[in-house]
Amino acid sequence: MTTASLVTLDDIRAAAHRLRGAVVRTPLLPTDWSDPARPLWIKPESLQVIGAFKVRGALNAVGRIDAAVRSRGVVAYSSGNHAQAVAYAAATFGIDAHIVMPQETPDIKVRKTREHGAKVVLCGAGQREAVAAELVEQTGATLVPPFDHPDVIAGQGTAGLEIAEDMPEVANVLIPVSGGGLASGIGTAVKALCPQAQIFGVEPELAADTAAGLRAGHRVPMPIAERNRTIADGLRSEPSALTFAHLQRVLTDVLTVSEEEIRSAVRELAFKAHLVSEPSGAVALAAYRRHTLPPGPTVMVLSGGNVEPGMLREILAGPSAGAEHQGH
C-alpha cells in the first residue's frame, strides 16, 4: 500500500463539504462521572439518522459515483449499520439498493434496512462478498463496500474533523475497530490537526485480529466462527489492506475488552449518559474503564445505537445494573 493511496486531510475536508447539512454534526457530550485526570467526552454517532456513523461514508461514497452510473443502483454487504446507511443513501439519491446481510444479523437491522426501500438478500456466514459480486454482475449496480474504499474512509473521517474542531487539545481518542474504516478516517483527521493526540482502536477480546495484526506488523486472519462469538456484532469484520495501512499509520495501539466489560459499558451509557448504545458502540467506554490512558481530555466514539430490544433489556437487567444505576 503506497502513501499515495491513503486518504488525506484534504479528502476528508472535501467529504465534510459534501455532507454538510446531510448528516448530524454530533456534539461532544461531557461526563461528570469520569476520571478527573482523563475527563471524558462522548461523541454520540448513535444520533445519526440511521443510528450509526456509517451514514457519513455511505452518503459520501454514493455521492461520488458518476450520476449516469449511479442511476443503475448500488449493492452493499453488511452486518447491519452499513446496510442501513447505504439503503438510506440510495433512497436519498432516488436509486435502487440491494443489500446482502448474514442470516445471523439482528432482526432490527434487517427491518430498518428494508424500511429505507432496499432489497435485502440474506446469506450464510462468510458468503457476503460472493453474493454481492453476483448482484453487481446481474444488475450493473456499483458496489459500496463497508470500509474498503477511500470515499467511505473519507466520509467516516468527517467525525474526526468535528472532534479536532471542537476539542483541539484532545489527548486521547477511543474508536471501535472492525473493518477499520472509522478508525482510519477519524485517526487521519485527528492526527493531522491534533498531532499530540493518541489514537486508540478498541476491539473485543473475542475478535482481536487488528490488535494481533499491529503487533505482528501485518494482517493476521481470524476464523469467522471465532469472531462471531462476540456480542459486538458490528465488530466481527477484519481490516482490508487499505484500512490496515491507515491503522498502522495513525493508531497508537489497539486496546481489547471482555464481553462483560462491553455489557457493563452499555449499562453505564444508558444509566449515566442516558444514551442507548449497541454493544459495538460501547467498547470505547469499556476500554476507558479497563485501561490506564495518558492523562488529558479524552473522547470516546459511541459508534452506533442499533441494538435489539430484547438484547438491550437483558443487558440492562445484568448483575451490576442496579449498582451502576444507584445515585444517577
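Biologist: What kind of model is it, and what do you count?

Modeller: It's a predicted model: local features need pLDDT of at least 70, side-chain atom pairs count only at pLDDT 80 or more, and totals for chains, interfaces and linings use all residues. Residues are numbered from 1 along each chain as its sequence is written, and side-chain values use heavy atoms, with hydrogens and water left out.

Biologist: Which residues does UniProt list for the domain?

Modeller: The unreviewed entry lists residues 22-304 as "domain: Tryptophan synthase beta chain-like PALP". UniProt positions are in the numbering used here, feature names are shortened, and annotations may be inferred rather than shown by experiment. That stretch is 45% helix and 16% strand, with its end C-alpha atoms 18 Å apart. Helices (H or I, at least four residues) and strands (E, at least two) are DSSP runs, numbered from the N terminus.

Biologist: What lines the largest cavity?

Modeller: There are 29 lining residues, with Phe 53, Lys 54, Ser 178, Gly 179 and Gly 234 nearest the centre. Two or more residues come from each of α4 (81-93) and α8 (181-193), and α8 has the largest share, three residues. By class the lining splits into nine nonpolar, 14 polar and six charged. Here Ala, Val, Leu, Ile, Met, Phe, Trp, Tyr, Cys and Pro count as nonpolar, Asp, Glu, Lys and Arg as charged, and the others, Gly among them, as polar.

Biologist: Why does the largest cavity lie between domain 1 and domain 2?

Modeller: Because domain 1 (9-53 + 149-315) and domain 2 (55-143) both give residues to its lining. Those bounds come from an automatic or database domain assignment.

Biologist: And the largest pocket, what's around its centre?

Modeller: Arg 128, Glu 129, Arg 227, Arg 236 and Ser 237 lie nearest the centre, out of 21 lining residues. α6 (128-139) and α10 (224-227) each give two or more. The space is about 400 Å³, and the lining has eight nonpolar, five polar and eight charged residues. Each of domain 1 and domain 2 supplies at least three residues.

Biologist: Which helix gives the most to the second largest pocket?

Modeller: That's α7, with four residues. The second largest pocket has about 200 Å³ of space, and its lining includes Arg 20, Arg 56 and Glu 162.

Biologist: Switching to strands: what's the order in the open sheet?

Modeller: β5-β4-β3-β6, four strands with parallel pairing. Two strands pair if DSSP finds at least two bridges between them. The edges are β5 (119-123) and β6 (142-143), each pairing on one side only. Four bridges join β3 (74-77) to β4 (97-102), and Tyr 77 has Val 100 in β4 as its bridge partner.

Biologist: Last one: is Met 222 buried or exposed?

Modeller: Buried, since its relative accessible area is 14%; buried means under 20%, exposed over 50% and partly exposed in between, with a 1.4 Å probe and protein chains only. Met 222 sits in the loop between α9 (209-216) and α10. Met 222 and Ser 237 are 15 residues apart in sequence and 9.5 Å apart in space, C-alpha to C-alpha.

Notes:
On a 1 Å grid over the protein atoms alone, a cavity is a set of points where a 1.4 Å probe fits but cannot get out, and a pocket is an open set with protein on both sides within 12 Å along at least five of seven lines; lining residues have an atom within 4 Å of a point. Grid points are joined across faces, edges and corners, and a volume is the space filled by probe spheres set on the points.
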